[in-house]
Every structure is written in C-alpha cells, then in structure tokens.
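Please open the model in a viewer and keep the selection panel at hand.

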Amino acid sequence: MTLDYLLKRIFQFILIAFLAATINFFFPRMSGQDPIQQKLMLLQSQGVNVSSEEVAGLIETYNAKFGLDQPLWRQYINYLGNMARFDFGVSISNYPTTVATMLKRAIPWTVGLLLTATLISFAIGTIVGALMAWGKAPFWVRTIFPAFFTFSAVPFYLMGIILLYIFAFQWPIFPLFGGYSTQRIPEVSWGFAMDVLRHTILPAFSIVLAQIGFWALGMRSMMVTVQGEDYILQAEAKGLKDSRIFYRYAMRNAILPQITGLALSLGTTISGAILVEIVFSYPGVGSVLLQAVRGFDWFVIQGVVFLVILSVAFTMLVIDLIYPLLDPRIHYRTE
Amino acid sequence: MGQSTPEKARLMAHSLSQSKSNRFQSSNAEPLLEIRDLHVHYETADGAVKAVSGVNLALYEGERLALVGESGCGKTTLALAIMRLLKPPARIVQGEILLAGRDLLKLNEEEMRLARLQDVALVTQSAMNALNPVMRIEDQIIDGLEDHGYEETKTTFRKRIQSLLEHVGLKANVARMFPHELSGGMKQRVGMATATALNPKLIVADEPTSALDVVVQRQVMTTLGRLQKETGASVILVGHDMGLIAQFADKVGVMYAGKLVELSPIERIVEKPLHPYADLLLQSVPTLDGKRDRLVSIPGMPPRLIDLPTGCYFAPRCPSAMSHCTNVTPTLQPHDGRYVACHLYHDINTGEPSTTATAEVKA
Ligand SMILES: Nc1ncnc2c1ncn2[C@@H]1O[C@H](COP(=O)(O)OP(=O)(O)O)[C@@H](O)[C@H]1O
Ligand code: SF4
Ligand SMILES: [Mg+2]
C-alpha cells in the first residue's frame, strides 16, 4: 500500500463527511419550515405553558448559532465549521443541553451493546457456519445448529419482545427496560457494572440470536465454494491434518467476504440498534433519535444522521486499509 | 463387471513384471504399485457412473507410466483413487491398491494421511489454483513437513525449501512470494517441489501441463523427468499429449470407458499400437505447434458410463469390430510382451493368445 493511496482514501473520507454536512445544511432550508416555530406550535397545541424566558433563550441561541440574518453562504461556512467541531447545536426539547452532549452520553450504550452483540454473533456464526459445511464435522453440529437458525427468521425486535415477555414478565429474571436500574447512579463500580450487564443480556441475546444465522449461512455457502477449490484437494494430497486444512486453507479463505460484511455491519452499529433500543428502552442513540423524531428536535436528528454517515464512512476506510493484510492479492496502487 | 477374480488379477499383475519395457526393473522384484481389479463408481441419482471398471496395473520402482485416453475415460478418477482422495458420490466398489505391499484401501484415515506426500504425492491438474492464495509458498510446503512430524526451526525449513525450489528450477526468493505473483509454469514447479518434499516412492501427476503454453509444457515435463531420475520415484503421468508422453514415459496405459485396454512399452506402442482404439488415438498425435483434433480422428462418442454396453465398450466405434465383440467382454491379456484387451488378439473361450490374431491386425 502506498502513501498516495492512504492520502487519497483519507481525502475520500473527508469528502463524504463534507457532503453529509452539506446535505444536512440545505435539506431543512429547502423544506421552508422553521423548526423553532414548529416546536413552539407543537408545545402550544399540547397546552404546555412555554415560559417566555426559555423561549427567548432558545431563539437567541439559535439565531446566534446560525446567524440567520447573515447571507446564506456565510451561514453555510459557519455550519461546516460547527460540524467539523462536532458542534451540532442545542437540543430543542432538552434545552439547554447540547446535541453533542446527548450523543456523547448515548454512544457508549449503543456501541457497547451492538459491538459486543455483533462480534459475538459473528464469531459464533462464522465458526458454526464453517463447521456446517465441513464434511468431517461432528454429526450433531451439522444437524442441531440448522434447526437453531429458524430463530433468524424472526426479526430481532420481535425476538426482543418475546424474550422480554418470557424472561422479564413471566419469569422476572431480567429487568424489563433500561440500561441500568433507575435507582442507581452511573458510576465506575462492580455493582453498577453487574447491573448494566443484567440489563444488557436480553437485548444482546435478541440481536445475537437473530444475527447468528445470517453469519452462519454466509459462511456455510462460502465454505462450500472454497472446499471445491483445487488448493483444498492439494492440501489433502499434502497429507495435512484436517484441523490445519479447516482453519488455514478453508476457513482462512472463506472468511474474507465475511469480514467485509462485518465491517459493513459495524459501520451501521449506531443506526442498527434503533428498534432493539426502543423495545428495551435502552439509553442509546436509537432512543435519542426516537425522542427527537417525536419532538421535532431537528438538531438532534441532524446530529444523529451525520454521526451515522460518518461511522459508516469511517469503517469503510478502516476495512479498506486493513484488507490487503488479509488478502495478499489485493494491493492498492495509484493508477 | 467383475470379470477378473482377485486370484486371476494377482497372477496377471505378476505376469506384468515379465514386461521387458522397463529400464529399471529386475525380473524378480515385487511391483511398487499394484492395482488389482479396481472398480470406482459415482453414485448419482440416475445410477452408478462406472468411472473405473476393473483396472489391473503394476508399476515398478523407478518406472514412468503414462495414462492416456479421451476425456471422461476415468484417468483422474483412477489417479485420485490411488491418493484415496475421491469424494462422494465417488465410491471405491472393490479392488486393492497395493503400494509397496500395503493395501492403501485398508489403511485408516490417519495412516492414509501420513502416506500422502510421504509415500505417494500428487501433482494436480490445475496449476493455477492448486496453491492457497493467502499463504506464502514456503509456508505451504512447511505445512506438509510439519504435519508429517518434522519439527525444525524456520531457518532449517527455509534451507530445505530453498534446495527443493532450486531442484525444480525456481529461485530462492519464490519461497517468500504469494501464489498470485507466480506464472502458471512457476506454480506447477512449486507443485513438483512440494510433491518431492518427502521423497515419495510414487508421484501421481494428473495432466500437470494442462493450461500451460506449449514451451512451458515441455519445460515442466523435462523438470519432472529430471526429478524422477534424481529421486528414483515411480511416476504415473496422466496426459493427453502423445508428443509429451513419448518424450517422458517408459510405458503407456491406454484407457477407454474406465478400462485399461492396452499397456505397452512406449517405443512399441508408438511403432504399432495393438488395440484399435489406441491406434486411432495415436493417429491424433499433435503437431509440434500443439494443434490436434482428436474428435475428428475418432468418429463417434465414448459410451455413457452409466449404462455400458455388453461386450467390448469400443465396439460401436471400432473399425475392426467382429460379430462376437458386442457379446463377449475382452479382458486385458498378455500378448507379445505387451497387454491388450481385444478379441483380435485372443481366443474368446480360453483367453489364450489367438493364433489368427496377428493376421487380423491391419498393417
Ligand atoms: N462427481 C461426479 N459425479 C458424477 N460423475 C462424475 C463425477 N466426477 C466424474 N464423473 C464421471 O466419471 C467419468 C470419469 O471422469 P474423470 O476421471 O474425470 O475422467 P478423465 O480424467 O479421464 O477425463 C466421467 O464420465 C465423468 O463424467
Ligand atoms: S474387441 Fe472387437 S470391438 Fe473391441 S476393440 Fe477389439 S475388435 Fe474392436
Ligand atoms: Mg482428468
């Protein structure tokens, strides 16, 4: 890999971020609606007594931030600068909390839950899928697991509801909702960690159950293809041990497309869990987004969208940079 | 089917040792490889595809045997049966494959695994994809050594691999390369280096030169010949190019529809093939630029191996076919220091060489 390529690839990433910010800027302006006005109307229609002090502060911050009295190009430059600093403005519903603060609070929950669940389902699914296609694998692996994968036909939010009903409602082994118990204050302690873990098990399990089948089926079909390759026959002709052929010849090659899939799914981590987070009232980005959509909280929505695009673009960048290490046939040159 | 009893097969395999074809053999030596009445079927939904039907064969130490025949006649199946690398739906229905007196078909999986590379090695048909694309060449050879109990340091392994590569005409830096960095010819050389890594007694090479260009084909064959001489291994070469084969082999076995129909020393079969099929096959010897058109020179199609005709399988295409050819199956019998399965040369009832046979062969 050349430095040229690296620079080119990083430039691409910045370009994507720039485009995302640009769309974020012009989209609401094209709609011709004023989010602040809308918000106020919504509150009034709900009969909420909007204290004039709060409204005045909100409008003032809003105008100062976006300089609505300035020409459009100036607003635009301003906006890009803010985006580059991850300054997404102030939440309308939770004034004066900034969007950045809300996201900073929510991201660890989402990433923690989704990353763990995705990695677990990837690891189990890939190994099981590989074994399912391996003629010499134990009989029970090849018969029991496929039955297990019928769960994958169930969407994971539905799986979540079923798990909640059984293990939190019928037999209250696990909590019904939340990322931690309401009476606890987030802190770094053993007790709090265990509490978080207890809250994570059901949502994580519903994701893992739903995803294992996806990884396993992908891996199985790749393994079937790879086992027909001449290098597997040659490996057997070399008198290699089955385990070596399995890991270093068959799995090692079959896993390459899986890793691309993993990168893509990690990239959508932020947006991927929205439904699960809603079902389990989990305090992640998904729940933040849901609240924002309900409350016409424009700036929060924009922040989340920008973050999602950025995280997808970033994982693509990372996978592009590490892929040549996994597959020596891929090497990047500048043409 | 199953016309030769094991006893008969044994006698016949033994009598093959009387062949004068072989430069290296001593008349009382036991054959290195002895295949007795081997039957291999592919069990498909439509029925059993009889890819190998009753092959008997003996190969002596240091001998080079070429197997020829039209595509689909069972050469690869036979080669893979020797390696015991056939996959379902293939099934070895009956027979024995004795390598240095040991029946490979009776070994357990682990014994067979150890026999591969150590006793019998395979050079595969497709040089292009026979190497693991994500591993360096040296690591792919080291794998084979390690799984046969060799525990050495990386440096020692590397020295060994360097000399293996030099023996097949490759530079030492190839060791650190990945397969996609090599040409087809280089890959096939790596294949040969790997096959000789543990000095096996037998090397099975299944069309090692297919998909290579003509010049490279000759180089690869020359290298294989040199390796054979240096290691003293016996070689079974599956091939279709009679030009290359004549340059390489001591003996030629001609296969047709899963059967060995003629087994002769190379000089003699080139001079005058006995079996009518061998005769037609040899008329299609390619010109030096590698062009050939075998399908034109042998009219008709090989039989479907799923429902084979009675009598001689070649009868429908045979220019010399006689009335009893479609009823009585000819078996491989000795004839004038060679072996042939054809009624032209043998009395149908006794299996003895027929007195009129020579008269009936066209000049
Ligand atoms: N997996 C398979 N299933 C069914 N038939 C097969 C299979 N593999 C090979 N055959 C059949 O077995 C016969 C012998 O094939 P093969 O040994 O590859 O011939 P050759 O190497 O001489 O071209 C062919 O007729 C082929 O159609
Ligand atoms: S046995 Fe008859 S049909 Fe078969 S090759 Fe000989 S002459 Fe031809
Ligand atoms: Mg073949």
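Begin with the shell of residues around ligand 2, which divides into ten nonpolar residues, three polar residues and no charged ones. The model is a predicted one. In total, 13 residues surround ligand 2. To see those that come closest, select Cys312(B), Cys318(B), Cys325(B), Cys342(B) and His343(B).

Next, select ligand 1. Which residues are closest to ligand 1? They are Gly72(B), Gly74(B), Lys75(B), Thr76(B) and Thr77(B), from a surrounding set of 13 residues. At Gly72(B), display the backbone: one of its N or O atoms lies 2.6 Å from an oxygen atom of ligand 1. At Lys75(B), a backbone N or O atom is likewise placed 2.9 Å from an oxygen atom of the ligand 1 molecule. At Thr76(B), display the side chain instead, where a polar atom lies 2.6 Å from an oxygen atom of ligand 1.

Remain in chain B and turn to an open sheet of four strands, whose order is E2-E1-E4-E5 with antiparallel pairing. Its edges are strand E2 (47–59) and strand E5 (102–103) of chain B, each of which pairs on one side only. Now select residues 33–44 of chain B, which form strand E1. Strand E1 is joined to E2(B) by ten bridges, and the two run antiparallel. For one such position, select Val40(B), whose bridge partner in E2(B) is Val52(B). Strands of a sheet pair through backbone hydrogen bonds, either parallel or antiparallel.

The last stop is the interface between the chains. Here 21 residues of chain A are in contact with 26 residues of chain B. The area buried between chain A and chain B is about 2200 Å², and carbon and sulfur atoms give 56% of it. Select Gln234(A), Lys238(A) and Pro328(A): together they supply 24% of the area that chain A buries against chain B, more than any other three residues.

How many salt bridges are there between chain A and chain B? The count is five. To view a salt bridge, select Asp143(B) and Arg248(A), where the closest N and O atoms are 3.3 Å apart. Finally, select helix H9 (230–237) and helix H10 (242–267) of chain A, each of which supplies at least two residues of the side that touches chain B. By class, that side of chain A has eight nonpolar, four polar and nine charged residues.

Notes: Residues are numbered from 1 along each chain as its sequence is written. Chains are lettered from A and ligands numbered from 1 in the order in which they are written. This is a predicted model: local features need pLDDT of at least 70, side-chain atom pairs count only at pLDDT 80 or more; totals for chains, interfaces and linings use all residues. Side-chain values use heavy atoms; hydrogens and water are left out. Contact means heavy atoms within 4.5 Å. Buried area is the accessible area (1.4 Å probe) that two parts lose on being put together, summed over both. A salt bridge is a side-chain nitrogen of Lys or Arg within 4 Å of a carboxyl oxygen of Asp or Glu. Ala, Val, Leu, Ile, Met, Phe, Trp, Tyr, Cys and Pro count as nonpolar, Asp, Glu, Lys and Arg as charged, and the others, Gly among them, as polar. A residue is near a molecule or strand if one of its heavy atoms lies within 4 Å of it. Two strands pair if DSSP finds at least two bridges between them. A polar contact is a pair of N or O atoms within 3.5 Å; within protein, one must be able to donate a hydrogen and the other to accept it, and residues adjacent in sequence count only if both atoms are side-chain atoms.
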